[in-house]
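Please keep the sequence and model in view while reading.

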Amino acid sequence: ELANRMSERSVDVIKFLMQQGQMMKPGDIIEADLAELIASEFGHTVRRVAESDVEEGIFNVEDNVEKLQSRPPVVTIMGHVDHGKTSLLDAIRKTSVVSGESGGITQHIGAYQVEQDGQKITFIDTPGHAAFTAMRARGAEATDIAVLVVAADDSVMPQTIESINHAKSAGVPIIVAINKIDKPGADASKVRTGLLQHEVFVESMGGEVLDVEVSATKGLNLDKLLEAILLQAELLDLKADPERTAEGSVIEAQLDKGRGPVATVLVQTGTLKIGDIVVAGDEWGRVRALINDKGEQIKEAAPSTPVEVLGMQGTPLAGDRMAVVENEGKAREIADYRQRVAREKQVAKNAGQRGSLEQMMSQLQDTGLKEFPLLIKGDVQGSIEAIVGALDALGTDEVRARIVHSGAGAITESDVALAAASNAAIIGFNVRANKQARDASARDGIEIRYYNIIYDLVDDVKDAMSGLLSPER
Ligand code: GDP
């Protein structure tokens, strides 16, 4: 890459490195100082570009406190398969269409807005925690509130627990929708006690988590659910400055045959307007058209509005952050820079640099963090409890294990996504990872360690925590 950018042969660069006593092969990573030395040695003028230079000012532009205004909450629906996530999303959308507005045909753009008591609520239209976690792993903290759907005839199930842990690890408050109360076998109180065991305390159990009994298919109490969301939103006091330049997250993106790259963006702050020049991930473009969830062309999109953006040069990825920049030159520079960084990161990831116990420990040391995040899957609940107990006992004043999720069963892709989002390593006790999980862990550089003796497991974590990891077994 460096040779390429200098228009030199890579063999000459490698030769030069050898003379410096550095044995390297193509694809190895060269430190910035060394790269600078090489470049000047080959007669090039070096201009150092740090991320902070390129991206300066495009994200986290200070909000003007005086301009802050309330914005609608953004809600994701999570829960166990077949508990009614999709039905609930459809039912909520339908109520808003019936109640009128323009009566336009609703389009699926990845998110939609409804109105309740004159206040708006934005729903992310992809149910489940997989999408939520994938977005988080890419740095998009788009969700304000998680609605946890639990079927009253089935109660708390494994993915219910996963969803709870995903929401907790993101620090997102939960509202419980106890669904299917129309069914003969429905038992809402069983759901409430079931949740108790996972530290979700609903109001009637003396806690603060709002819960609403609903039926998605019969359309029961949907208004109550929306009211609970608005109440929770009020507590969160969600605000944004609509007058500043826009920032948001890509929820979905695809290449449309007729329209070119189409990205659905959730505007999070500022107002996105036609003509704005935007960067999303490593793509850029000039906003040619904005289309809302009712298929209408709009001129601008305020905070918490989901909108289709036309005019990107390429297709960004779901979860990419989008920001408005001042001109095309800046946009190109950032996109180019990010494409390069992405390539470099890929190389580093392939080398398994992230998520390994060693790497994590050194990161912890660097950042002064005192928690050691782990995700634990085991064959039976009993052994998991024993492991969690033993790891808890390892904690000292300086460092302790933080279990982001534990559960019985094989290691799945969703486990890997959560580990990636929380920077955790995965431990499998008497279980293996399935194929999708193995692929995902290789792609994201997340380490998975397998054990069948608790003592070995605890010992390795102990060593890692004291910074003295035993060699790979
Ligand atoms: P998801 O996998 O969580 O998205 O669940 P779905 O929305 O696909 O629902 C799974 C099944 O439960 C479907 O057959 C729905 O018709 C049914 N279902 C969903 N909500 C209700 C409800 O409130 N009452 C009843 N009786 N059935 C429901």
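A polar contact is a pair of N or O atoms within 3.5 Å; within protein, one atom must be able to donate a hydrogen and the other to accept it, and residues adjacent in sequence count only if both atoms are side-chain atoms.

## Basis

The model is predicted: local features need pLDDT of at least 70, side-chain atom pairs count only at pLDDT 80 or more, and totals for chains, interfaces and linings use all residues. Residues are numbered from 1 along each chain as its sequence is written, and side-chain values use heavy atoms, with hydrogens and water left out.

In D82, a polar backbone atom is 2.7 Å from an oxygen of the ligand. D182 faces a ligand nitrogen instead, with a side-chain N or O atom 2.7 Å away. On its own the ligand has 580 Å² of accessible area, and the protein covers 71% of that (Shrake-Rupley method, 1.4 Å probe; for residues, only the protein chains shown count as cover).

The shell around the ligand holds 15 residues (near means a heavy atom within 4 Å). Nearest are D82, K85, T86, S87 and D182. Helix α5 (residues 85-98) gives the largest share, three residues. Helices (H or I, at least four residues) and strands (E, at least two) are DSSP runs, numbered from the N terminus. By type, the shell has two nonpolar, eight polar and five charged residues. Ala, Val, Leu, Ile, Met, Phe, Trp, Tyr, Cys and Pro count as nonpolar, Asp, Glu, Lys and Arg as charged, and the others, Gly among them, as polar.

## Sheet

Six strands form an open sheet with mixed pairing, in the order β3-β4-β2-β5-β6-β7. Two strands pair if DSSP finds at least two bridges between them. The edges are β3 (111-116) and β7 (211-213); each has a single partner strand, so one side of each lacks a neighbour in the sheet.

Strand β2 (residues 74-79) runs parallel to β5, joined by five bridges. M78 has L148 of β5 as its bridge partner.

## Positive phi

Most residues other than glycine have a negative phi. S155 has a positive phi, near 60°. It sits in the loop between β5 (145-151) and α7 (158-170). Its relative accessibility is 7%, so S155 counts as buried (buried is under 20% relative accessible area, exposed over 50%, partly exposed in between; 1.4 Å probe, protein chains only).

S304 also has a positive phi, near 75°. Its loop links β15 (300-301) and β16 (306-312). S304 is buried, at 1% relative accessible area.
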